Amino acid sequence: MVQAVLFDLDETLLDRSLSVRMFLLHQHARYLDHWAHVPLETFQARFWELDSFGYVHKSIVYRQLLEEFEIEELSAEALMREFYRECNEHAQPFAGMVETLEALRARGLKLGIVTNGQTEMQSLGLSVLGLNERVDAVLISEAEGLRKPDPALFARAAERLGVAPEACLYVGDHPRNDIHGARTAGMKTAWFPNSVAWIEEVERADHEICHLRDILTFV
Ligand SMILES: [Mg+2]
């Protein structure tokens, strides 16, 4: 029986695609003098392609953007620092996030978040979404010194909630980092496909959801 539900953050609770688009809208406006020849939609679309769901370092993304749009006066490093510092100020939740977390808690389940990323950036996202008050444990890879898919990070999360890994359900969007990692640690898994396609060599998740509230149907 499931006693705890653990979540990934980006593209699982936090709608990263929408959040990044909002941040880019502000960044585009801030430097309009330099890239007035690049329409906002072009800037957002090209960033999104180069970013590859967040798996490409932003120094590479911005260097490429400045080169393609032939902008010499701006520094890729400065734009990158701005991204890591400010992007999550624009964090947006997926539909049903608050209601689902509240309903799970009302059923007496423990809740946690396990995310890869920088402590400062992820902490800002958690705080903007009001998640610290809604879960019992948060594990950020940089602070923990472990990264998903390392099963040791999932095991640590279960331990922090005082629940056996076998009694945990893990919800995430990444087949290898989330589903494979959590399963290796002994957890049940639910895939929320918002970013990368399924990776064929990875064993399928126990559940697949189209909306966060779908979790309520199997716990
Ligand atoms: Mg994710």
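Predicted model: local features only at pLDDT ≥ 70, side-chain atom pairs only at ≥ 80, totals over all residues.
Residues are numbered from 1 along each chain as its sequence is written, and side-chain values use heavy atoms, without hydrogens or water. Local features need pLDDT of at least 70 and side-chain atom pairs count only at pLDDT 80 or more, while totals for chains, interfaces and linings use all residues.

Helix α3 spans residues 40–51 and helix α4 residues 58–68; helices are DSSP runs (H or I, at least four residues), as are strands (E, at least two), numbered from the N terminus. Their axes come within 9 Å and cross at roughly 135°, an axis being a line fitted to C-alpha atoms over the stretch in contact, with angles from 0 to 180 degrees between N-to-C directions. That angle makes α3 oblique to α4, because angles under 35 degrees count as roughly parallel, over 145 as roughly antiparallel, 65 to 115 as roughly perpendicular and the rest as oblique. On the α3 side, the residues that meet α4 are Phe-43, Arg-46, Phe-47, Leu-50 and Asp-51; on the α4 side they are Lys-58, Val-61, Tyr-62, Gln-64, Leu-65 and Glu-68. Contact means heavy atoms within 4.5 Å.

The whole structure holds 10 aromatic pairs. Rings of Phe, Tyr and Trp (its six-membered ring) pair if their centres lie within 6.5 Å, and planes under 30 degrees apart count as stacked, over 60 as edge-to-face and the rest as tilted. Trp-35 and Phe-43 have ring centres 4.5 Å apart and planes at 40°, so this pair is tilted. Both residues are buried, where buried means under 20% relative accessible area, exposed over 50% and partly exposed in between (1.4 Å probe, protein chains only). Phe-23, Phe-47, Tyr-62, Phe-83 and Tyr-84 form one aromatic cluster.

Glu-11 lies in the loop between β1 (4–7) and α1 (16–30), and is buried at a relative accessible area of 5%. Beyond its neighbours within four places in sequence, its contacts include Arg-16, Trp-48, Asp-173 and Phe-192. Pro-193 is 182 residues from Glu-11 in sequence, yet the two are 8.4 Å apart, C-alpha to C-alpha.

Some backbone details lie in loops. Phe-53, between α3 and α4, has a positive phi near 60° and is partly exposed at 31% relative accessibility. Glu-70, between α4 and α5 (76–86), has a positive phi of about 55° and is exposed at 68%. The peptide bond from Lys-148 to Pro-149 is cis, with omega near 15°.
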